[in-house]
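Please examine the sequence and the structure shown here. A short briefing accompanies them.

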Amino acid sequence: MGEQESDKFNFPLEEEKILDFWNEIKAFQECLNQSKKKPSYTFYDGPPFATGLPHYGHILAGTIKDVVTRYAHQKGYHVERRFGWDCHGLPVEYEIDKDLKIKGPQDVMKLGIDKYNDECRKIVMRYSHDWERIVSRLGRWIDFKNGYKTLDANFMESVWWVFKQLFQKGMVYKSCKVMPFSTSCSTPLSNFESGQNYQDVIDPAVIVSFPLEEDPTTSLLAWTTTPWTLPSNMALCVNANSTYVKVQDKKNDCFYILMEPLLSSLYKSEDMYIVVERYKGESLRGKRYTPLFPYFIEHEAKGAFQVLTDDYVSEDSGTGIVHQAPYFGEDDYRVCLAAGIIQRDQELICPVDETGRFTKPVEDFLGQHVKDADKNIIKALKEKGRLIQDAQLKHSYPFCWRSQTPLIYKAVPSWFVKVEFLQEQLLENNKQTYWVPEFVKEKRFANWLRDARDWAISRNRYWGTPIPLWVSEDGKEIVCVGSKAELQELAGLTSEIKDLHRESIDHITIPSKRPGMPPLKRISEVFDCWFESGSMPYAQAHYPFEGKDKFESCFPADFIAEGIDQTRGWFYTLLVLSTALFKRPPFKNLIVNGLVLASDGQKMSKSKKNYPDPMKVVEKYGADALRLYLIDSPVVRGENLKFKEDGVKEIVKNVLLPWLNAYKFFEQNSCRFELKECQQFLYDEDTMQTPKNIMDRWILSFTESLLQFVRQEMGAYRLYTVVPRLIKFVDQLNNWYIKMNRPRMKGEYGSEDCVNSLQVLFRVLFTMIRMMAPFTPFFTEWLYQRLRPIIKGYPGDKQTASVHYLMMPEPRISFIDKNIEESVSRLQSVLELGRIIRERKILPLKTPLREVVVIHREQSVLDKIRKLERYVCDELNVKSLTLTTDKSKYGVCLTAKPDHKVLGARLKGSFESVSKKIKELTDEQLQQFVRDKEMVLAGEKITTEEIRIFYSFSGDTSKEMSNRFEANSEGDLLVLLDISQDKSLKDEGVARELKTLVQHFRKKMKLVPSDIVTVLYEIKEDDGYLSEIFDRFKSSIEEDTKTPLRPYTLQVKKSKIVGEEVQQLKLTSATLRLVLIKGDATDLSSEMPRRKKPPVGYVNVVLCNGSDQRRGTVLLQESVDGPMIDTSVLSKEAAGVFGLWGRKVRLFFSTGEAVNCDSASLNGKTIYATVGPQKFHPHMALEEEEEEPFSDYCEFKREGKVNYLLLENPVGCKIPSEIISKLKTGN
């Protein structure tokens, strides 16, 4: 028997086979070989870290990249796709610090930079093989073998070149700046790094008093959420233009100064204080106060511990007075610098080391981590009487993206690249790029560029590309090196430099050009890894040291893609460096994806286990399903996606399985055509002409329109619009075209029409797999390998060995007919309206109806539907179609009632007047309302959600019409369905139900059209109605189902039975038993008539006596209500059947001796008898045990009871007919 492949199709397993196939033919490499002479399409792959496994964010970005680059290849481009690895920086160092329990820089120096970097080198590619396996399993074609690594000397050398260009342009400087600082990683972070990971935290929020020197009874009140910065306080700041008040606290009789709009931050009600004085913040400028701590008292002479003014102080929170710790806050530094309290070149007042612990002179909290010291500082302030309020605040705070620990802001000497002066150029270059979605470019990214700060590129770390600056001891001589060769020459080295990491070059010195001065030494810092990734376009190509012309001809890149978090990361650094180097954008087109979140909207977390393992999802549903699910989601529009595994499952159900079924239908019917017509089915794309059949023309037009749409949307990088159209297309193909044209493809309208329809279906499938190859690379390959042998000229051609070698087809404009598409769209509307009526009236589609009436005011619309009249009648199962523009002929009109619940709740008091107006609306007014979807009544705007619209019939025939017709509409299209029934319609409905039962039975048994079977039927009914239907409609059911039907009156061997089922018909009370057997009905000629089972219990007995096997039957009861005989009696009865009275007979099942069995359990079974000492062996058993008794029986009455007599027992010994006659007559 054949089997529907879709029922057992395992998408993940088939994908694994496709992977093996691709590897066998080296598909990706061959793809590149075939395209190497074509124009280049440049793609940059943003490098991930290989210190962890891919997550959904990587999978999403990888899928987007793969779809676009595959499509570019299909458009006739040569697309190099090199994978990249980000090997340096905090992710690697953080892992080593954890493993080696390194707490700070002193631990690294104790271990040695060479040994530390060796440890980093060991783990940097820890998961690279897993990445390659997973990325390949997801169907992404990318070159791992020739991928770039940021740790390679060639890559690092190009980074040096980039830096030297900036240095020579005067864009590099060293300065002290307050920067986000990770105390767990002992390094500053850039602004865009610190913005990547904000978390909600609860911090202390304290108000502290600062008594005025001129009046110690009055204190300035400052508010802060970082008590650990208070030991470094150097000033206070107010807003010169805001109003401040001096108040007397009624509770403690103290005087406080704070901003008037923020009095509520300290006082819950106005009766808790008395306003003594009001003044502008400017009047507080220069006032001196008593410091909190004595650690930096010597700076008082330089202007410390006074009130300053600046506009950054706001009325948003706190007290309107901000304490200033200049080396722990960006604004603090700026304000104190402007006031002369600190100088740019002075020694830092920063008593916190790289690990975030207090150093001297903060003796009271020495060695404590600043965050841990908060509570001790608050305690000290309380003891000093300076703590006014101790509260807590929940707010969003930046965390280190690597260590997940809170950042602090800390002054750090760093090397910077000037960016602020590039703002206009950056914005201009941004305008030259194309982003999807555009709002990210115009809003988020452009706003970031407008606020661009100079870029801190140095990190006080070890595993990274060393900054190539050699500086003299006095800082007056600086040499920037741009290559290995230049360093060798400047340092006078004779051996080649092979590695550029710190352990390989830190010891190299460059002689000073000033006589007698010591040599220049390299500074200790390494590059921020974002500088490396921003240099990636040049460094991956080892530009300008190799392939200079090739790079310059392909720059900028045609396409890049990453997540929305890279707007402040990779996208930004790429643009900054390309603008600085070449005054050009680094890319032309960019897709920004949103974030993939857990199903509850939370961030995906391994510890919370709030998301399914990606590879488990792939193992369950396949990579294609996951790819389509991700592409068909808001995440490709820059929005967030709440990942749901059920969504992937739905893609299989709604897209892949129907698509597979469409192919299977083609396969089965093309095979049937070849068997029947004895000719090979072949497809020649070049010779295919416009078909005559309107549905063929429609599906071809629909396909070519879709192809136009896909090319248009992919050209605009709008991937997210393609999958919804694919889902719609699969529905149109399966549920409309194939469903409505099955008879044609099955050959019911002749060979020529059959082959034409199959040619159309093949073209649609072939076009579809080329369109969708970038999106579903596995399934399209699977389909292609099955279609390829049918395509003229394709088998044996290496250029066509894979679907991914084929170009995207050009739309065949001659096939596009928008009028036909509109006609079928109208047809679909009619059918859907009619089906809704059937559902509403509980009329199954198998129940034929007399008429459907379609009413539309435009004759042109009706003419379009007229062309498809046969499909309307077939699909709605109606006898006739009536088309008219005259609605009045049927007396149908619209009436309306208000939706009391919706409209009443909104209008309240005016509901009654509006309700009255609604009920008075005419049919014409309601038709206009349906078109406009809103109207104004009694001054109120009413929408379709607030009114319930009904169809009713009017006029003299209204009662007749309302009993006969049911109405439904969509826009201007009105459908009336004649729902009245008579016996002839019921008969046809039952026949159609029988046809459906046979078809479903075949499908349930997993048969294909070429399987030759027969269905036997047995009817149990009281009135003979179903038997009559079988007699009248048997030939048409056989024709439609391609299955012979025969009454179940013959014995059939079990080995021939495929399956059986019993059905209770919906349209009649009869019960129908169907038995499906192998072979044509002519094969039944050798079968014996079926014997009836007696109403009493029976058992078949086979006598095994040497080579002689005789058969008989023993009745276990004399009458229906009589007792069952036991096994001892059964043994004697069996002996009697075969004339062995007095002989010992043993009874056996085929599996062993029947001893002490319950006779009732033997009913209908077959047992085996032996005589005397002879033993039973399993080989003596029948090949196939029969369900019916070996003998027919007859009934006769004795003493008022019905008894039963076996007519041939044992088989071959028939009771004479005259004896039977006497028994029946009682003589």
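This is a predicted model: local features need pLDDT of at least 70, side-chain atom pairs count only at pLDDT 80 or more; totals for chains, interfaces and linings use all residues.

Residues are numbered from 1 along each chain as its sequence is written, and side-chain values use heavy atoms, with hydrogens and water left out.

**Whole chain**
- The chain holds 39 helices and 45 strands (DSSP runs numbered from the N terminus: H or I of at least four residues for helices, E of at least two for strands).
- Its C-alpha trace spans about 145 × 90 × 70 Å along the principal axes.
- Of the 1227 residues, 56% count as buried (under 20% relative accessible area, with a 1.4 Å probe and protein chains only).

**An open sheet**
- Three strands form an open sheet in the order β15-β24-β23, with parallel pairing (two strands pair if DSSP finds at least two bridges between them).
- The edge strands, β15 (434–436) and β23 (557–563), each pair on one side only.
- Six bridges join β23 to the parallel strand β24 (residues 587–593).
- Gly563 stands opposite Asn593 in β24.
- Helix α20 (residues 570–582) packs on the sheet, touching β15, β23 and β24 (contact means heavy atoms within 4.5 Å).

**Helix α26**
- The 22 residues of helix α26 (residues 751–772) should span 32 Å at 1.5 Å a residue, and the end C-alpha atoms are 31 Å apart, which agrees (the expected span is 1.5 Å times one less than the number of residues).
- Helix α26 is mostly covered, with 18 of its 22 residues buried.

How values were computed. Axes are lines fitted to C-alpha atoms, for helices over the stretch in contact, and angles run from 0 to 180 degrees between N-to-C directions. Buried means under 20% relative accessible area, exposed over 50%, partly exposed in between (1.4 Å probe, protein chains only).
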